[in-house]
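These are my notebook entries on one protein structure.

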Amino acid sequence: MSSSHCQTIHAHAWQAAAALFFSGMCFAQAAPTVSELIIKNNAKDGEVSTATLMHIIATAAPKDKDEREVVLSMKLDALERYLNNEAPDKATALALSKTVVDEARELYGKDSARLIPVLRLAANVCLRSKEPARAVGLLTDALRVSDIVYGADDPASRFVLRDLGRIHAAKGDAAQAVQFTKKADYLKKVAPASIKGISVLASAPPAIESKPYQLVPVFFQTTRTKTGNDDPQAYFGTQRAGASSYGVSYVSVPRQRESGTIPHASILKLDFSTDPNHHVILKEISLYDGRAGFLKAIGERMNASARKESLVYIHGFNQSFQDGMETAGMLAVDLEIDGSVVSYAWPSKKNVLKYVADMDESNALINKEALKDLLVDVSSSVGAKSVYVIAHSMGNRLLLEALQLLPSSGEKRRFDSVIFASPDVESKEFDTMVGKTYSQASRMTLYTAGRDIPLSLSELIRTGLFNTDHLKRAGDRDGGVQSLPYLDVVDASKAQSDWLGHSNFTQLAKDDLRALLWLRVPATRRCVLQAQTGGWRYDPQENCSSGAFGMATLFYRRLQDTAKAAAQLDSTAGPLAKQASSILKAMLPTN
């Protein structure tokens with residue numbers, strides 16, 4: 001096949017691209033990287049044609065596990081389109097369904113819960129393609145994995161059981177259908193009891209940990225549409241609703257987990273549910289009738305807490321509702337928020353090829369107004385004594401716009417701390433907007449990175465789509481934003497949490513972010529930061545290690561007294577505790 005024929009695939013119908021996927025005949029030339037394909041094929045109008053999608057699937061040559069996951073997500077997108085009567089044809093869909101299951105097993109292992117949504121999707125493709133026997137086999141395997149991960153009677157298994165009942169009914173096996181459906185209905189009925197009595201996060205870990213994970217309540221306000229699916233991980237979609245929905249989600253967070261890690265959180269990776277003993281999982285959600293019930297519930301949880309803290313988290317580009325809840329849950333545990341955690345879920349399209357669509361949503365008035373209302377409510381209507389706001393990636397655009405809509409707070413600062421993590425906002429615009437809104441917060445902090453792949457992609461996508469010069473992003477270490485009296489700029493490159501370098505702020509939760517929020521000490525007294533031109537650099541030294549600094553902040557958080565915390569550290573064996581005592585005395589002198 002000629003190279004010119006390969007270059008015309010994009011203009012052909014999806015069948016031609018699908019055929020190339022299976023024949024592999026377009027690899028005579030060097031295959032483009034996944035990043036190059038993402039940049040070249042990003043949708044200007046917010047929509048990605050099936051021809052484009054199949055072309056990428058056909059030509060992509062992923063070089064590592066992360067890129068394989070990106071391409072796998074595109075194959076799953078193609079199967080979703082088949083179920084929605086868009087494409088591809090039956091033969092291609094069946095072949096793809098087998099491919100995605102094989103690839104997911106290879107990537108995650110045959111007992112990983114990341115397989116469950118893949119197996120369910122593949123089973124639905126088989127059912128639509130009139131192959132119910134194969135569908136039953138896939139779902140039986142999904143149930144096996146679910147039983148391993150959650151336990152045989154965990155309500156999380158009800159969705160696989162319901163699918164099995166539906167497919168057995170399609171096969172004409174009424175007895176089996178009734179059996180599975182009855183068990184699914186029972187687990188649905190008892191699901192609320194599995195989250196009943198979840199208390200506020202303790203200011204210290206409980207003395208007895210009966211389970212290796214804890215359920216964390218994360219309140220939410222979202223402008224996403226409901227899908228009609230009662231599965232918590234698929235309850236809200238990617239389209240914009242006409243009004244906000246309010247609720248609380250329950251996120252399982254492992255007790256034994258390195259601070260700042262959420263194993264499947266990545267701007268380019270798939271984000272499937274995983275073993276609750278080892279990973280962060282959205283387990284259940286519950287809705288309120290409206291804003292009044294929502295605020296009442298937050299207020300009740302706040303009243304039951306000691307410190308009356310509230311954290312508002314705004315997710316970024318290419319994130320699902322599930323992603324935002326899970327990251328907020330992780331932050332709630334790592335920062336030991338004693339009060340309430342609230343996640344604002346705007347309708348990101350959860351698609352790396354829909355950057356422009358996400359950008360449009362971050363500029364939509366209804367999304368900005370909804371976030372503004374939430375910020376007002378949390379800062380003034382729920383009894384919070386301390387309010388922290390963290391925005392990530394493109395979510396910073398929404399936050400900055402919402403801050404500008406807030407009424408003046410007068411002499412009183414509305415927020416104790418506002419954190420801009422890897423903001424996907426043009427640097428000069430960021431400077432201007434922060435300059436207009438800094439009076440709303442006692443302290444503002446910008447965390448940047450030097451090797452932030454998604455921000456680099458953002459610059460290239462914008463250049464390719466809009467024919468503009470490279471516009472540096474504020475989250476880029478070389479973006480040009482510098483510290484000001486009201487803004488600390490911290491280069492967090494050395495805290496890199498994954499190959500993308502876009503979520504470094506989560507890694508900082510174990511030391512610098514804790515000191516910023518818990519102790520409220522300026523950058524000048526946080527010894528894990530080193531001064532550099534234009535701001536600060538996260539760079540723990542031999543005399544101020546990350547571990548010792550984290551221990552110092554933790555002991556002070558527990559005892560709320562420098563002298564007592566230092567004395568307890570001095571009486572603790574080991575050089576780390578001795579260093580932590582010295583760090584604490586310098587950071588929070590008793591005189």
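**Entry: H6 and H7.** I began with the residues where these two helices touch. On the H6 side I found Ala93, Leu94, Ser97, Val100, Val101, Ala104 and Arg105. They meet Leu115, Val118, Leu119, Ala122, Val125 and Cys126 of H7. Contact here means heavy atoms within 4.5 Å. By class, I noted 11 nonpolar residues, one polar and one charged. For the classes, Ala, Val, Leu, Ile, Met, Phe, Trp, Tyr, Cys and Pro count as nonpolar, Asp, Glu, Lys and Arg as charged, and the others, Gly among them, as polar.

**Entry: what I am looking at.** The model is predicted, so local features need pLDDT of at least 70 and side-chain atom pairs count only at pLDDT 80 or more, while totals for chains, interfaces and linings use all residues. Residues are numbered from 1 along each chain as its sequence is written, and side-chain values use heavy atoms, with hydrogens and water left out.

Helices (H or I, at least four residues) and strands (E, at least two) are DSSP runs, numbered from the N terminus. I looked up the totals: 22 helices and 11 strands.

**Entry: the angle of H6 and H7.** Two packed helices are described by the angle between their axes and the distance between the axes. Axes are lines fitted to C-alpha atoms, for helices over the stretch in contact, and angles run from 0 to 180 degrees between N-to-C directions. H6 covers residues 90-108 and H7 covers residues 115-128. Their axes come within 9 Å and cross at roughly 165°. H6 and H7 are therefore roughly antiparallel. The cut-offs: under 35 degrees is roughly parallel, over 145 roughly antiparallel, 65 to 115 roughly perpendicular, and the rest oblique. The H6 and H7 crossing is left-handed. A crossing is left-handed if the near helix is turned anticlockwise from the far one by less than a right angle, and right-handed if clockwise.

**Entry: H9 and H10.** At what angle do H9 and H10 cross? I read roughly 155°, with the axes coming within 8 Å. H9 is residues 158-171 and H10 is residues 174-190. This pair is therefore roughly antiparallel, and H9 passes H10 in a left-handed crossing. From H9, the contact uses Arg158, Leu161, Arg162, Leu164, Gly165, His168 and Ala169. From H10, the residues include Phe180, Ala184 and Leu187. The contact has seven nonpolar, four polar and four charged residues.

**Entry: H13 and H15.** H13 (residues 355-363) and H15 (residues 395-405) have axes that come within 8 Å and cross at roughly 15°. That makes H13 roughly parallel to H15. Their crossing is right-handed. Glu361, Ser362 and Asn363 of H13 touch Arg397, Leu398 and Glu401 of H15. I noted one nonpolar, two polar and three charged residues in this contact.

**Entry: the two sides of H16.** Which residues of H16 (residues 427-437) are buried? They are Ser427, Phe430, Met433, Val434 and Thr437. Buried means under 20% relative accessible area, exposed over 50%, and partly exposed in between (1.4 Å probe, protein chains only). Seen down the axis, the buried residues of H16 fall within an arc of 125°, so they line one face. The arc is that of the directions from the helix axis to the C-beta atoms. An α-helix has 3.6 residues a turn, so residues three or four places apart point the same way. On the other side of H16, Lys428 and Lys436 are exposed.

**Entry: two positive phi values.** Lysine 308 has phi near 55°, a positive value in a residue other than glycine. Lysine 308 sits in the loop between H11 (291-303) and S4 (309-314). Its relative accessible area is 17%, so lysine 308 is buried. Serine 393 also has phi near 55°. Serine 393 is in the loop between S6 (386-392) and H15. Its relative accessibility is 2%, which means it counts as buried.

**Entry: two strand residues.** Serine 249 lies in S2 (residues 236-254) and is buried at 0%. Tyrosine 538 is in S11 (residues 535-538) and is buried at 4%.

**Entry: the whole chain.** Buried residues make up 59% of the 591 residues. Among contacts between residues at least 6 apart in sequence, 75% join residues at least 24 apart.
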